[in-house]
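Subject: The structure you asked about

Hi,

Here is the structure I promised to pass on. Have a look at it first, and my notes follow below.

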Amino acid sequence: MDFAVNVHASLLPKHRGGAPIHYALIQGDEEAGVTIMEMVKEMDAGDMISRRSIPITDEDNVGTLFEKLAIVGRDLLLDTLPGYLAGEIQPEPQDPSQVTFSPNIKPEEEKLDWNKTNRQLFNQIRGMNPWPVAHTFLKEDRFKIYEALPVEGQGAPGEILSIGKKELIVATAEGALSLKQVQPAGKPKMDITSFLNGVGRTLTVGERFGD
């Protein structure tokens, strides 16, 4: 019997394409998963042999979710292949009406738009951590943000609302973000305390992130 199967890191037919983990986080999905499918010429369109899901938590990013799904995929493949090879599992066609696509992230998609809500930006940031990494601009220099948390706050989108010894709060269209791990232009990745004690020590409330 000639056949080929694929382990895909999404709950097909959702998130076909090369960046399913990124988009599961960016779009705020509550669960992720793995699908074992038969391979066909059309991308990720083969009949589904088995699926397994796991919850997505607020602590997840691309790196942590990739590691979790790698284990899920390994175990699911080992659980699935014997029954499939024995003809005991009947593959299920994908529902065309439920298909969504998650193509590779484009450079322009890495840029943060502060006119989005704090939750949308939170999901975008963790959906690009540790790669390709979301960014904004600060005083015309690219400024990468690896980690941030949604918090309460109100102001013009991108405006610095509060600066503390261990805290930098930036307004969004709805709520605010507390930046936790950043990388200023020409510097290594650092926690927010190190940034505020170093190159960020001249920042003032009211300054703006963005173009």
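A word on labels: helices (H or I, at least four residues) and strands (E, at least two) are DSSP runs, numbered from the N terminus. This is a predicted model, in which local features need pLDDT of at least 70 and side-chain atom pairs count only at pLDDT 80 or more, while totals for chains, interfaces and linings use all residues. Residues are numbered from 1 along each chain as its sequence is written, and side-chain values use heavy atoms, with hydrogens and water left out.

Let me start with His 15, which sits in the loop between strand E1 (5–8) and helix H1 (20–26). Is His 15 buried or exposed? His 15 has a relative accessible area of 4%, so it is buried (buried means under 20% relative accessible area, exposed over 50%, partly exposed in between, with a 1.4 Å probe and protein chains only). Its side chain makes a polar contact of 2.7 Å with the side chain of Asp 29, and another of 2.6 Å with that of Ser 102. Here a polar contact is a pair of N or O atoms within 3.5 Å; within protein, one must be able to donate a hydrogen and the other to accept it, and residues adjacent in sequence count only if both atoms are side-chain atoms. Leaving aside residues up to four places away in sequence, His 15 touches several others, including His 8, Tyr 23, Gln 27 and Thr 100; contact means heavy atoms within 4.5 Å.

The E1–H1 loop also holds Pro 13, and the peptide bond joining Leu 12 and Pro 13 is cis, with omega about 15°. A cis peptide bond also joins Asn 129 and Pro 130, again with omega about 15°. Pro 130 belongs to the loop between helix H3 (118–126) and strand E4 (134–138).

Now to the sheets. Strands of a sheet pair through backbone hydrogen bonds, either parallel or antiparallel; two strands count as paired if DSSP finds at least two bridges between them. Four bridges join E1 and E2, and Asn 6 stands opposite Met 37 in E2.

Between strand E2 (31–38) and strand E3 (48–55), the loop contains Asp 44. This residue is not a glycine, yet its phi is positive, near 55°. Asp 44 counts as buried, at 11% relative accessibility.

Further along, E4 and E5 form a hairpin with two residues between them, pairing antiparallel over five bridges. Leu 138 stands opposite Asp 141 in E5. Lys 139 in the turn has a positive phi of about 55°, and at 49% relative accessibility Lys 139 counts as partly exposed. E5 also runs antiparallel to strand E8 (residues 176–183), joined by seven bridges; there, Ile 145 has Val 182 as its bridge partner.

Happy to talk any of this through.

Best wishes
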